[in-house]
Amino acid sequence: MDTKDTSKTTTLAETLRAGQPAATYTTGCSMEPLLYERKTYVILQPVTGDLKPGDLPIYQRPDGVYIIHRLIRQGEGWCYTRGDNCLHGEKVPRDWILGVVTQIQRNGKIIRVTDRGYRCYVQVWSLLWPLRKLWYLLRDRLHRLPGRKYLKAVRDKLRALGRSR
């Protein structure tokens, strides 16, 4: 999930590196159905301890783009993250990670990552990975078939309907 910096005087990275909390709207669709483009506002805290699988770290790529993806696993000096709506993940250096999502705000609701319902969502979403992976592979195959423009049009209409709610 790409994010846009909402700060006027300092960047998101500078704020988090200074040990201060930050907030931003999210863009992109890589973290749907949890984070929606320009409809979801996240509260970020600097990373102070160890990250756990299921956490939502924010990191900045060398090209300056901020990414929020779910932590899948980590090793010595690296973290493997993947968007909830993605087939493939990304192995990133640990020093790219600036902070972690602590709250999600959407449609007037506040979701804390410590809430029982959210933790349950993370567990179920993780357990469903084999089925989701199969779905993503099938979806990618369908997009390569003749008539792809028709499938894309249907997908775009469904996506537009979902965003208009």
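Buried means under 20% relative accessible area, exposed means over 50%, and partly exposed lies in between, with a 1.4 Å probe and protein chains only. The model on screen is predicted: local features need pLDDT of at least 70 and side-chain atom pairs count only at pLDDT 80 or more, while totals for chains, interfaces and linings use all residues. Residues are numbered from 1 along each chain as its sequence is written, and side-chain values use heavy atoms, with hydrogens and water left out.

**The whole chain**

Display the chain by secondary structure. Four helices and ten strands are present; helices (H or I, at least four residues) and strands (E, at least two) are DSSP runs, numbered from the N terminus. Of the 165 residues, 36% are buried.

**The nonpolar patch**

Select Trp135, Leu138, Leu142 and Leu145. Together these residues form a nonpolar surface patch with about 380 Å² of accessible area. A patch consists of residues with over 30% relative accessible area and no salt bridge, like charges being joined within 9 Å and nonpolar side chains (Val, Leu, Ile, Met, Phe, Trp, Tyr) within 5 Å. Areas come from the Shrake-Rupley method with a 1.4 Å probe; for residues, only the protein chains shown count as cover. Leucine 142 belongs to helix H3 (residues 129–144) and, at 34% relative accessibility, is partly exposed.

**Helices H2 and H3**

H2 and H3 pack at an angle of about 55°, their axes 5 Å apart; the axes are lines fitted to C-alpha atoms, for helices over the stretch in contact, and angles run from 0 to 180 degrees between N-to-C directions. H2 is therefore oblique to H3, as angles under 35 degrees count as roughly parallel, over 145 as roughly antiparallel, 65 to 115 as roughly perpendicular and the rest as oblique. Trp125, Ser126 and Leu127 of H2 make the contact (heavy atoms within 4.5 Å) with Trp129, Pro130, Arg132 and Tyr136 of H3.

**The salt bridges**

The whole structure holds two salt bridges, each a side-chain nitrogen of Lys or Arg within 4 Å of a carboxyl oxygen of Asp or Glu. Select arginine 70 and aspartate 84, which are joined by a salt bridge of 2.8 Å, N to O. This pair links distant parts of the chain: arginine 70 is in strand E6 (residues 70–75) and aspartate 84 in the loop between strand E7 (78–82) and E8. Arginine 70 is buried at 3% relative accessibility, and aspartate 84 is buried at 2%.

Finally, select glutamate 90 and arginine 61, whose closest N and O atoms are 3.0 Å apart in a salt bridge. Glutamate 90 is partly exposed at 21%, as is arginine 61 at 29%.
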